[in-house]
Amino acid sequence: MTAAEIRQQFLDFFADRGHKIVDSAPIVVKDDPTLMFTNAGMNQFKDLFLGNQEAKYKRVVDTQKCLRVSGKHNDLEEVGVDTYHHTMFEMLGNWSFGDYFKKEAINWAWELLTEVYKLDKDRLYVSVFEGDKADGLSLDTEAKDLWLQHVSQERIILGNKKDNFWEMGESGPCGPCSEIHIDLRSNSDRELVDGASLVNSDHEQVIEIWNLVFMQYNRKADGSLLPLPQQHVDTGMGLERLVRAVHTMQSNYESDLFMDTIYQLEQISSKKYGINEQVDIAFRVIADHLRAVCFAIADGQLPDNNGAGYVIRRILRRAVRYGYSFLGLEKPFLTDLVPGFIAKFNTVFTGLNEQASFIKKVVEQEEKSFLKTLETGIKLFAEEAQKTVSILAETEEFGEFLRSNSELNDNLKESLNPIHNVSDSMKKLSETMSSMTKPLKAVSESLRTINGEFVFKLQDTFGFPKDLTALMAREFQLEIDSVGFNDALHQQKERSRADAKKESGDWIVLLNNEKEGFVGYDYTETEIQITRYREVESKGKKHFHLVFNLTPFYAESGGQVGDNGVIKGTQDEDEISILDTQKENQLVVHIADQLPKNLKQVFEANVNTQRRHATTLNHSATHLLQAALREVLGDHVAQKGSLLNDKYLRFDFSHFQKVEKNEIAQIEYLVNRKIREAIALSEERDVPFDVAVSYGATALFGEKYGDTVRVITFDKNFSVELCGGTHVSNTAHIGSLRIVQESAVAAGVRRIEAITGDAADDYVQHKMKLLEQISTALGNPQDVMKALHSLQNENTTIKKEVENFAHAQLIVLKETLIANAKTANGVTYIIEDISISNASQAKDLCFQFKEEIDNLFCVLLANIEEKPSISVIISDSLVKHKKWDAGQLIRLWAREVKGGGGGQPFFAQAGGSDVNGLPTVKELAINFVTS
């Protein structure tokens with residue numbers, strides 16, 4: 001049986017028992033500030049459990065895309081190393097919202113596993129909640145008695161609060177859970193050790209496959225528990241583990257969910273899976289991470305340096321890094337695996353085919369970028385390794401060994417030269433250090449370690465994991481400072497926790513209201529009542545969250561910022577500022593910095609109409625902009641993000657090259673033409689989703705739409721979109737649009753920033769004023785461009801004359817320096833202060849001297865705009881016979897000018913911040929050559 005057949009059997013089993021099959025929510029979470037990614041099947045039903053939304057179906061079944069790599073559920077570093085953790089996984093789940101409870105959930109679970117999937121009953125164990133004294137909870141005897149109808153007492157494990165009591169967070173719906181585990185060990189191993197003793201012990205072959213959660217309590221902010229008005233069932237079973245259990249496999253990765261990718265990787269890498277453990281880990285990491293990255297991109301999350309985008313970039317880079325380090329893949333390879341991924345999952349999760357070329361391009365460009373970064377990181381490591389070895393060479397134990405072995409000493413000095421070819425330098429140092437293993441062991445381990453903070457920087461900035469850095473360190477007979485690394489990691493986590501810390505009180509209910517309605521499409525002021533509120537503290541600041549029975553305030557979503565404004569008491573005229581309006585799942589939350597004195601009175605709610613109007617102009621203009629982009633650039637253009645506020649609009653879209661100036665002009669012209677056509681808004685609310693799509697409405701990938709949607713149309717042949725934002729009633733109200741910037745955001749994604757209304761008018765006036773100023777400065781010529789070109793040509797001519805003059809001065813300076821050259825101990829030396837405009841002129845002089853003067857030792861000192869410059873060049877014969885090293889000398893002398901520098905044995909340069917040290921450098925140089 002394939003994984004697809006096993007998945008379908010699950011869905012069909014519960015559909016036959018009255019469950020509605022629903023689509024997976026996007027893997028990227030948009031309206032829940034507590035989550036970056038969907039990490040459990042229950043996320044999309046959170047509002048139902050919280051009572052914020054009424055369940056349309058009492059029984060539901062689905063397969064949900066989940067990602068666990070951040071926050072509490074952080075499995076990333078275990079993925080691939082073991083055989084049962086994943087970043088992205090499918091969570092099969094059946095749900096009851098106030099309908100059936102423990103009896104049906106337990107009996108159906110057992111029936112499905114043992115009668116449909118034919119799992120061996122003798123390999124199955126179950127756990128039930130043992131109770132918790134602190135919470136006043138006793139043993140879940142109801143669940144235990146139900147399980148005793150299917151399994152013997154010995155197969156029931158009593159679990160503590162950590163393992164068998166599920167909580168949504170620090171507060172909210174919660175309840176006991178019952179887990180089903182399977183023992184996949186060989187019969188001989190099972191005879192030696194009872195499987196019950198290995199449940200919840202992180203054994204790779206004794207694993208949890210299904211968790212049945214019985215939500216019957218609500219955890220208050222003070223930690224107390226209250227019974228929920230309705231009891232719910234929330235179950236979750238990882239498809240990957242289920243497929244493994246059905247086939248009694250030793251690893252999740254042996255199923256067709258992963259092996260198709262692994263087979264393709266074998267062909268790409270010419271390596272075989274199942275022979276070398278480190279290579280096998282690389283195969284598993286790549287097969288797993290490919291799914292996480294592709295699903296995230298398809299659902300709208302692009303790799304980035306912040307937030308959720310950083311997590312996706314980190315996953316992608318971990319896959320590339322393992323391919324690079326252990327499979328020898330030094331060119332992009334993940335991009336070649338994307339079509340196979342699309343083919344496998346497209347029938348389950350819609351929209352992947354349409355996104356295929358975009359996903360492939362994004363992955364390819366991210367790979368190329370990171371492979372360059374890898375090279376930079378490896379060079380940094382090589383430099384750090386050189387630094388560590390240099391310190392080692394100065395220790396008493398190792399230094400004595402080197403002094404007694406001149407050949408090894410010379411080899412080591414050569415391998416510590418500044419890096420020009422990373423591969424050659426690393427190979428040379430590795431070979432040298434490998435020949436000195438025994439004497440190195442005599443040196444304290446603390447001196448043979450790579451700095452822990454540096455190791456952390458490599459991981460955090462360049463994506464090198466600690467184990468890869470440790471592997472490279474061992475090639476140089478070095479270790480890494482794990483303690484220092486862990487300290488740096490801990491400090492970063494503490495900083496992140498402090499930044500993210502948010503404490504919320506319980507909701508205080510003032511008025512029972514089944515639904516909080518939004519009236520902001522039609523009204524910007526209305527009378528409202530506060531139905532509930534809570535106190536929230538974040539980053540040391542206290543705010544209040546208010547929920548109204550109805551609201552004119554638009555909550556931030558779809559790229560449009562939330563409204564602000566005021567509410568004013570109708571009894572006491574107490575005025576409270578609404579700072580922002582946010583959506584928490586489906587709840588519209590109004591943020592205020594204080595509470596009204598009388599919470600139960602009626603209030604007049606007033607939206608900041610000036611800000612709303614300017615934001616609305618930008619939102620409607622964005623619809624026109626997207627339509628114009630598709631008309632000018634092509635149908636491949638799809639929205640990838642937006643920001644719409646009262647200042648400007650920002651629109652991100654799929655396109656694989658820079659938008660040329662002539663294309664920008666066409667797009668801007670087309671949008672303004674549509675504005676001038678004064679197209680009336682056509683707004684349709686509560687349109688069935690399928691009907692809206694049949695209109696040709698543009699839907700966003702990665703969005704989960706309801707059964708009915710709102711359709712916004714500006715000319716049915718130009719712009720038809722599904723949208724919940726606020727819009728102008730006629731395009732003429734926008735005034736005009738001006739595109740002010742076009743740039744790249746990520747691989748395959750471009751960004752346009754534009755302004756509308758008064759801001760656009762101000763922009764044009766500023767440009768006109770600037771043109772007038774330029775014209776005045778040029779003497780008001782009839783042809784301004786002709787005058788500018790003439791000025792540019794004149795400037796070019798003057799620059800050439802200045803360069804020729806400077807070159808002539810250098811020739812005179814060169815002749816003077818050669819004439820004043822001195823000799824000492826058979827060496828011709830030039831050590832002089834010179835007047836030049838940049839350090840490259842000193843370099844040019846040095847190499848001319850080297851070509852013309854034998855046995856040369858030259859030091860040129862310069863004060864360039866109050867910045868010291870030192871240049872040293874030495875003839876090859878002196879480098880070879882006297883072992884003189886310009887790089888070592890420059891590093892020593894640079895200290896006198898409070899600077900640094902480096903180079904090769906024959907040439908080096910340095911700069912600094914203190915020109916007063918130049919005379920000392922000159923004296924040191926003369927003493928060096930004449931002594």
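Two residues are in contact when they have heavy atoms within 4.5 Å of each other, and on that basis, among contacts in the protein between residues at least 6 apart in sequence, 68% join residues at least 24 apart. Keep in mind throughout the tour that the model on the screen is predicted.

**The whole chain**

If you switch to a cartoon display, you can look for 28 helices and 37 strands, and if you colour by accessibility, 50% of the 931 residues count as buried.

**Helices α1 and α3**

Next, select residues 3-15, which form helix α1, together with residues 102-116, which form helix α3; the two pack at an angle of about 135°, with their axes 12 Å apart. To see what lies between the two helices, show side chains for Gln9, Phe10, Phe13 and Phe14 in α1, which meet Trp108, Glu111, Leu112 and Val116 in α3. Sorted by class, this contact of α1 with α3 has 6 nonpolar, 1 polar and 1 charged residues.

**Phe10 and the largest core**

Keep Phe10 selected and widen the view to what surrounds it. Leaving aside neighbours within four places in sequence, Phe10 is in contact with Val61, Asp62, Leu92, Gly93, Asn94, Leu112, Tyr117, Trp210 and Met237. In soluble globular proteins, nonpolar side chains tend to be buried together. Here the largest nonpolar core has 124 residues, and those touching the most other members are Phe10, Trp147, Ile209, Trp210 and Leu334. If you now select residues 277-298, you have helix α9, which supplies the largest share of this core, 15 residues. For a second, separate core, select Ile675, Ile734, Leu737 and Ile739, which are included among its 30 residues.

**Helices α8 and α11**

Return to the helices and select residues 256-269, helix α8, along with residues 334-345, helix α11, whose axes come within 10 Å and cross at roughly 160°. Since angles over 145 degrees count as roughly antiparallel, that crossing makes α8 roughly antiparallel to α11. The helix α8 passes α11 in a right-handed crossing. Which residues make the contact? On the α8 side they are Asp256, Leu257, Asp260, Thr261, Gln264, Leu265 and Ile268, while Asp336, Leu337, Lys344 and Phe345 belong to α11. By class, the contact of α8 with α11 has 5 nonpolar, 2 polar and 4 charged residues.

**Two loop residues with positive phi**

Finish with two backbone positions in loops. Most residues other than glycine have a negative phi. Asn855, although not a glycine, has a positive phi of about 45°, and you will find Asn855 in the loop between α25 (839-852) and β34 (856-864). Is Asn855 buried, partly exposed or exposed? At 30% relative accessibility, Asn855 counts as partly exposed.

From there, follow β34 onward to Glu866, which sits in the loop between β34 and β35 (867-874). Glu866 is not a glycine either, and has a positive phi of about 65°. With a relative accessible area of 55%, Glu866 is exposed.

Definitions and conventions. Residues are numbered from 1 along each chain as its sequence is written. This is a predicted model: local features need pLDDT of at least 70, side-chain atom pairs count only at pLDDT 80 or more; totals for chains, interfaces and linings use all residues. Side-chain values use heavy atoms; hydrogens and water are left out. Axes are lines fitted to C-alpha atoms, for helices over the stretch in contact, and angles run from 0 to 180 degrees between N-to-C directions. Helices (H or I, at least four residues) and strands (E, at least two) are DSSP runs, numbered from the N terminus. Ala, Val, Leu, Ile, Met, Phe, Trp, Tyr, Cys and Pro count as nonpolar, Asp, Glu, Lys and Arg as charged, and the others, Gly among them, as polar. A nonpolar core is a set of buried Ala, Val, Leu, Ile, Met, Phe, Trp, Tyr and Cys residues joined through side-chain atoms within 4.5 Å. Buried means under 20% relative accessible area, exposed over 50%, partly exposed in between (1.4 Å probe, protein chains only). Angles under 35 degrees count as roughly parallel, over 145 as roughly antiparallel, 65 to 115 as roughly perpendicular and the rest as oblique. A crossing is left-handed if the near helix is turned anticlockwise from the far one by less than a right angle, and right-handed if clockwise.
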